[in-house]
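Open your viewer and get ready to click along.

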Amino acid sequence: MSTSVAEHETRHEALPARPKELAMHFDTLHQQYSTGKLAMWLFLGQELLFFCGLFTAYAVYRGNHQEMFHYAHYFLDWRLGGLNTVVLLTSSLTAAWSVRCAQLEQRKGLLITLALTFLCAGAFMVVKYFEYSHKLHIGAVWGSNFGVATADLPPALLEKYPGMTGQQLQLMGMGTFFAIYFCMTGLHGIHVLVGMGLYAWLFVRALRGHFNRRYYGAVDNVALYWHIVDMIWIFLFPLLYLIG
Amino acid sequence: MMADLGLGKLAGLPLAQSGGSFWFPPQSSTVAAGSDFTYFLILWLCIIFFVGICGATLYFMVKYRKRPGHKEEITSTHNTRLELAWSIIPLILLLVVFGVSTYWYLEMVNPPNSGVREIRVEASQWKWRFTYSGAPFTKNWTTKKLYLIKDKPYQMIMTTPDRDVIHSMFIPAFRVKQDCVPGRYNKLWFQPTESGEFDLFCTEYCGRDHSEMITKVVVVETEAEWKRLVETEYDPEAYTIEDLGPVIYADNCTSCHTLDGRQIENGGPSFQGFGERWGKERKFADGTSRVVDETYVKDSLEKPGMNVVQGYPNAMTSFNFNEKEREAIIAFLRKQ
Amino acid sequence: MAGGIVEKPASGEVIHPKVHYLNASKGLKSWLVTLDHKRIAIMYLVAVSVALLLGGFWAVLLRTELLGPRDMILSNDWYNRAFTLHGAVMVFLFIIPGIPASLGNFILPMQLGAKDLALPRVNLMSWYLYVIGLVFFLAVLFLGGLDTGWTLYPPYSSGRDIQWNLILSYTAVFILGFSSILTGLNFIATMHKLRPKGMSMYHMPLFLWALYATSLIQVLATPVVGLTLGLSLVEHMFKIGIFLPQYGGDPVMYQHFFWFYSHPAVYIMVLPAMGVQSEMIATFSRKHVFGYKAIGWSSIAIAAIGFLVWGHHMFVSGQSPTAGIIFSLLTFFVAIPSAIKVFNWVATLYKGSIDFKSPMIYALSFIYLFGIGGLTGLFLASIATNVHLHDTYFIIAHFHMVMVGSVLTAFLGGVHYWWPKMTGRMYNETLGRIAAVMVFIGFNVTFMPQFVAGTRGMPRRYANYLDEFTIFHQISTIGAYILGAAVVLQAGYLLHSLFKGKKAPPNPWGAASLEWQATSPPDFHNFTEKPIVMGAYDFENWELVSEDAGYRLKREVVETGKSLSKVH
């Protein structure tokens, strides 16, 4: 043991001074970075399972109430949903770009891409706000609270089914669709808000010059999170807005 | 009838108070024997394995106990053949058990093709109602006990009102069980093979009086006897309005409303002094008020959430009574 | 060289460390903001013990009520609250976090030879989330309790008028879920990334394999229950109509979602217990564990199959018979890896030198209790018998044999096993053995009669029962008292040992996994010298010095830095 301890100590002395970013229990910055990344992937795994429950509920109710989902898609404006899809895809681009900037130590580029990602997320929430407020206004809401006056029904729906009344839709169980709609988009919206918080935090850290080519794990991990938020929307958009 | 795989007669024990064996109440339906056969098949397999495991453990405990002069020996740390053997043999045994079990389960879920009598089961907090509908029943009788005729197949169509909770109907002597779920119609069939009285329990936790939600299954030999029992158990036409009120009260209201002013936890207001309130304004939890009259009583029965008295939970389920029953309730309440 | 076990004089005198993790820094704050996994583990141990006592209190209360068929001490409402709080506290606050978060947190990095868990801040955060959950449940208690059953089935739960205690309970379980997820992902990341050189996956003690399998379930199943209870909370407040039939929802879907987590959760509970079991059996029979790979991989197999069997909780809920039959078949498959483990433990005893120290008594009773718990599971996997036994006392007895008989036994065994390492003190061995035997007897007296009550038709969750079941309940209650007395006795001598116990040597049992190379209690950095990486069951590397000084590494091992074992 005495030799192995001596060896250990010499090795320790031969090492360069520990970088200030390196936590006590890691040996190298790379080990620290890859540990953080693995943990992030595991976290994303649990995020997927979290949303899976809602996707299952969607599938079950869609199977049980085909007609309800058919009528429901008239209530959702695919143009607004499409706009949000474009906004989110753009933000994913800037998010990926920010990782690149952090790796290359392009400080200005990093600040710009972080800010752009934050702004795109904000734009998404603004569009969401208009969509939500319209639905709340006409009474296209969850459960037995659903009650849209016939006059407020989407014109496209009335054109296709002239005799349709709000009450008929209510009896059909349209409230269940909107329960699922608000849960899915609401939970996704909460994730977008969390993402905005994270990007604000990254922006401040970047301003203070915390990141460099050896230490950029936070930017990388938040970008991973942001991609999954984006990806979930890629599924939500067609399932809710496009399939009639 | 399946062979009794033993232990059945271990039953001379004082435990067997209501007949049956040490383990089970008497087999009283066509599927009970299959269920018990599967049980004893598994039981014996378990006993063999358990005795083996514990026997080996005990033997090693004694033989290899730490003591002066005894030292552990290094033995091989794995043995592929042995390990495969003790994985594959139990697997085969389990597949056999699965086969037997599934065979009997299919008996349980598939009723005979003809001659099945339908009974509608409505479970609600905390009572059972059985309605005998369709042919060959001549009239829609509703009873609190379940009346059956021996050796006739029955199909239960089971549900519970929308505002109520999940219940489950369990008849141990028949070895059958099925949940009553609001918003769904579940089915369960059985054919009693013995006459007599058997317990019927609620086995899905449903609130305060879950453990009082017990009734009886009465199996009789003949159609005539069945008819007599069903007709006399409860028939509003057989009572005067005066006499009917207390009967309805005793059957439906006692778990939440007292007559002596006593307050039942999480229940509704006592009926004491109801007659004095008649014709006067009454205030409700939502700030509204209305006059206590016949319509008020009717609404309170059918739409109990509409007027909730201040200080009480909105916990009552709705009741649909016919006109005579309603009259009886009103008369009964005015006398309090 | 300072510290290190190597410096022990040949006389066998043990040097006890003056500075260790417990006194490296002082004051309450140094604990509350600590990032040291060992301190967090101790804080977890304290918290889960509080939960155990709380859950146990309700158990004793409700068993007392059941002494007679009619009202004894509790009204129906209070009985319902008692069993709900007993279940909820025991499941969410004790059994699920019990072994992984307290023992696992302490032991995992040390068995790996690492300095800490991968994410120390996340580790502290998960403790705080746990405490918030605990506080919420205490608040529920003072807000008049909860009577929904721990399963919180709608419509009975979320369908009622808005209640604070229900809102708090949903939130508490949701938060506790995240505490559990964070612990799980922390463990997996640690086991992948912080293994030192020479420590391959197959070098890891089986406790770590078990924790790995547990963590997989925690990360993948817990989010589903988080979502389910989140939805229930929203539904309770806004009546959105996902699970409540009167608004268009389906209560059976809740059951599917709930059991998709809560069945795997049973394995979150039992797998770490099996891990502790593997360690104790090997150490106290001084034998390399038999079938290492089979035990390790069977943990993973249980975790995997565990995800596919949830439907066996709903054989009578109106799920289609076909689905029922498929779930029944899949459930039978779980029995195989569980059986493999039991056979391997028994085979490990063969030709060993079996030392009946308190942890070993727990380990041996584990084989017996898990034997019963596991085998009675077959009656419930079999659908023809399940229909009769579902929601009766048979179920109660079965899952208590597994969840309590096995998990609590392994937890208590593990606490005794690692107590010298964690606290640096030895407990009173005689009292330890007495308590262990009492626990064993208590379990059997409590739960054996319940099997028969169940087959005879006694439904669960009944505040009052028919007279014919009286005898079963009375025997059962006596058993519960024995169990309660054992736990009180344990609390007594364990606390006493903290102040008056003999100082513990680094390795009192002669165990071979790496944590025993550290001092007792360990240094703040876990190891003062880099530990010599060796097989977790290479007992031949250690020699007994004396009963008081425990075991030390053989000189040959210290000099070469290599294990003497030829096994691999």
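**Stop one: the lining of a cavity**

The residues that line the largest cavity divide into 11 nonpolar and six polar, with no charged ones. Keep in mind as you look around that this is a predicted model.

To find the spot, select Phe92(C), Ile96(C), Leu176(C), Gly177(C) and Ser180(C): of the 17 lining residues, these are the closest to the centre of the largest cavity. The cavity has a volume of about 150 Å³, and the count for the model comes to five cavities of 30 Å³ or more.

Now colour three helices of chain C: α3 (76-112), α5 (164-193) and α6 (206-238). Each of them supplies at least two residues of the lining. Which helix gives the most to the lining? That is α5(C), with six residues.

**Stop two: a strand in chain B**

Next, select residues 127-132 of chain B, which make up strand β2. Are its faces covered or open? Both are covered: Lys127(B), Arg129(B) and Thr131(B) are buried on one side, and Trp128(B), Phe130(B) and Tyr132(B) are buried on the other.

Together β1(B) and β2(B) form a hairpin, with two residues between them. Look for Val121(B), which stands opposite Phe130(B).

Finally, select residues 141-143 of chain B, strand β3. This strand also pairs with β2(B) in the antiparallel sense, over three bridges. Here Thr131(B) stands opposite Thr142(B).

How values were computed:
Residues are numbered from 1 along each chain as its sequence is written. Chains are lettered from A and ligands numbered from 1 in the order in which they are written. This is a predicted model: local features need pLDDT of at least 70, side-chain atom pairs count only at pLDDT 80 or more; totals for chains, interfaces and linings use all residues. Side-chain values use heavy atoms; hydrogens and water are left out. Buried means under 20% relative accessible area, exposed over 50%, partly exposed in between (1.4 Å probe, protein chains only). Helices (H or I, at least four residues) and strands (E, at least two) are DSSP runs, numbered from the N terminus. Two strands pair if DSSP finds at least two bridges between them. On a 1 Å grid over the protein atoms alone, a cavity is a set of points where a 1.4 Å probe fits but cannot get out, and a pocket is an open set with protein on both sides within 12 Å along at least five of seven lines; lining residues have an atom within 4 Å of a point. Grid points are joined across faces, edges and corners, and a volume is the space filled by probe spheres set on the points. Ala, Val, Leu, Ile, Met, Phe, Trp, Tyr, Cys and Pro count as nonpolar, Asp, Glu, Lys and Arg as charged, and the others, Gly among them, as polar.
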